[in-house]
Amino acid sequence: MALKRGLPSAGVHRNRSSGSRLPIVILVFFSVLAPLVFFVGRGLYVSDQNSVLSGYSKQNVDWRERLALQSIKHLFTKEVIDVVTTSTADLGPLSLDSFRKGNLSASWKIIGIETSVEDNATSQSNQKATDLKQEMSQVKEEKVLDDVHSRDTPAKTLRRQLRDNRRAKRAAELVQQDDEATVKLENAAIERSKAVDSAVLGKYNIWRKENENENSDSTVRLMRDQIIMAKVYVSIAKLKNKFDLQKELEISLKESQRVVGESTADADLPRSAPDKMKAMGKVLSKAREQLYDCKLVTGKLRAMLQTSEEQVRSLKKQSTFLSQLAAKTIPNAIHCLSMRLTIEYYLLPQEKKQFPRSENLENPNLYHYALFSDNVLAASVVVNSTIMNAKDPSKHVFHLVTDKLNFGAMNMWFLLNPPGKATIHVENVDEFKWLNSSYCPVLRQLETAAMKAYYFKADHPTTSGSSNLKYRNPKYLSMLNHLRFYLPQVYPKLDKILFLDDDIVVQKDLTGLWSVDLHGKVNGAVETCGESFHRFDKYLNFSNPHISRKFDPNACGWAYGMNMFDLKEWKKKDITGIYHKWQNMNEDRVLWKLGTLPPGLITFYGLTHPLEKSWHVLGLGYNPSVDKREIEHAAVIHYNGNMKPWLELAMTKYRSYWTKYIKYDHPYLRGCNLSE
């Protein structure tokens, strides 16, 4: 029984083990083979579906093509229809997708909004270059395909030729447009470069060594600031009895001042400057801790500022006085020349002191000049330059008037150096007996105590007008300066006369001035007014009712130096009487300062005819920026201002226009060391 029971149990165990392995095998089979079967079947299904869809699409396209061809047969020739058919066969139907993908030929283009050349020229040129490369690559590919399609139909061959022609034409257009864009870019760059202010670029050259550092004087400034604060704390320490700190500050102050000296840039400082600056900083920190008081520091700084301003004003006055003194002082060489000529003149016998052609002095048909001067050399330049540029010197007559101090020298010079065929005559203003204080208001005013005090007393800080040293010039004491208001009295038989200053140079023939129609005016002069200067309000006191009621403050001023005077009209309008009237009203100098231009503007108000500016160019005695072309085309150039051409103050760039009319090899000039 035991054996029988055991056998079935063993069989049962075998069956159970075999039964457990069967599901595992089935599971492996389905996990490996089932996906494989699925994907293979799916691929077959998709391929079948694609083939069906493609067949359906092709049939649909063929149907549309046939319909379109039937509609356009009556519009185009057979050759065009063949090209369209073959193009459609090769490239497929045109659609928006194919257009977006860039499948169109290069001959197709979109017409849109044109952009400016300057903004988009660069991007356009890059895009054109890319298109050109694509076109060239397509051409190469087509060359390879030419062999393959050598046996194509005539329609395809025609289409390919047309496509080649379009691509070649498109490539040429791209190259041409690229060249045009480059030219436009270059032109735009040139225009932008012209708009750059080259004058400003020239002033600040970035390659200059001194401009490499923007703060090349930062250390100097800091040390000067330290010096200022040290001075403030020294005074405060003295007030608060901090004598040790005061002494320490004074020592550091002296050392810093010695180091800084006259330095204006960091490069000028010695090597010890940084150490001195640090030492001063420590002392100032110590002083700040012990002495700082906002009110005291502010008060001291304000007092120092006021003191500095007073010093600046004083130095300006001193500079003005010295410049006026230098401008109006006769150089030693010219004084030497005048003295030697005077001695030689008074040693001459009386019969040799006479000038020839004296009969021309009162001939109204000749060209007469009035020249009032006490400078021999300057007068000689005026006469020489006029004669050298005159067409017919024999018709020119010069009337010179000087003072008794220079009368002999002026005569002797022109006796030794006669002006060719021209006529010359020299007179002494002190011999005009009719010109006295009872007749002339200026002479009467110069004899008053107030005028003497104004000119000859050294201490007159409260005197009216003392702040403007220009009007305290000694030339205003000379009647040579005021004689221009008495021309009909000096030359009673003349009809017209050209008045010249002694600081001018004549560069052209001046006879044309006698034919200028003054339209009934008395004075012919060049106007000098600009937008806001050289107008009446710059010369006259319009706060005075006598001035404000009679004259326009914006009326244009004019210049003395070269003036054509109609002496007939002068007499008719009593110009000298008008001058006397206003001069008497200005005895206390409330209408204008001293000088001859303000009374001239008043006297000839409404009686001045403006001449062309090329007749008379001014400013060579003060303006360094007079246009060279204006100077060279001017008939007369005027060295008005302090920088006269015979002084060392003269501007070198203008001096040659004056010196070329002087013979420096003349024995008298060499004897007095006069040279260029």
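Student: Is Lys493 buried or exposed?

Tutor: The model is predicted: local features need pLDDT of at least 70, side-chain atom pairs count only at pLDDT 80 or more, and totals for chains, interfaces and linings use all residues. Residues are numbered from 1 along each chain as its sequence is written, and side-chain values use heavy atoms, with hydrogens and water left out. A residue is called buried under 20% relative accessible area, exposed over 50% and partly exposed in between, with a 1.4 Å probe and protein chains only. The relative accessible area of Lys493 is 54%, so this residue is exposed.

Student: Which residue meets Lys493 in a salt bridge?

Tutor: A salt bridge requires a side-chain nitrogen of Lys or Arg within 4 Å of a carboxyl oxygen of Asp or Glu. For Lys493, the N to O distance in its salt bridge is 3.2 Å. The pair links distant parts of the chain, 131 residues apart, with Lys493 in the loop between α16 and β4 and the partner in the loop between α11 and β1. That partner is Glu362.

Student: In which helix do Arg313 and Glu310 lie, about one helical turn apart?

Tutor: The side chains of these two residues meet in a salt bridge, at 2.3 Å from N to O. Helices are DSSP runs of H or I with at least four residues, and strands are runs of E with at least two, numbered from the N terminus. Arg313 and Glu310 are three residues apart, and therefore about one helical turn, in helix α10.

Student: Which residues are joined with Glu569 into one network?

Tutor: Glu569 meets Lys572 in a salt bridge of 3.8 Å, N to O. At 15% relative accessibility Glu569 is buried, whereas Lys572 is exposed at 65%. Salt bridges that share partners join Glu569 with Lys572 and Lys573.

Student: Which residues does Leu510 touch?

Tutor: Contact means heavy atoms within 4.5 Å. Residues up to four places away in sequence are not counted, and Leu510 then touches Tyr369, Leu498, Trp615, Ala635 and Val636.
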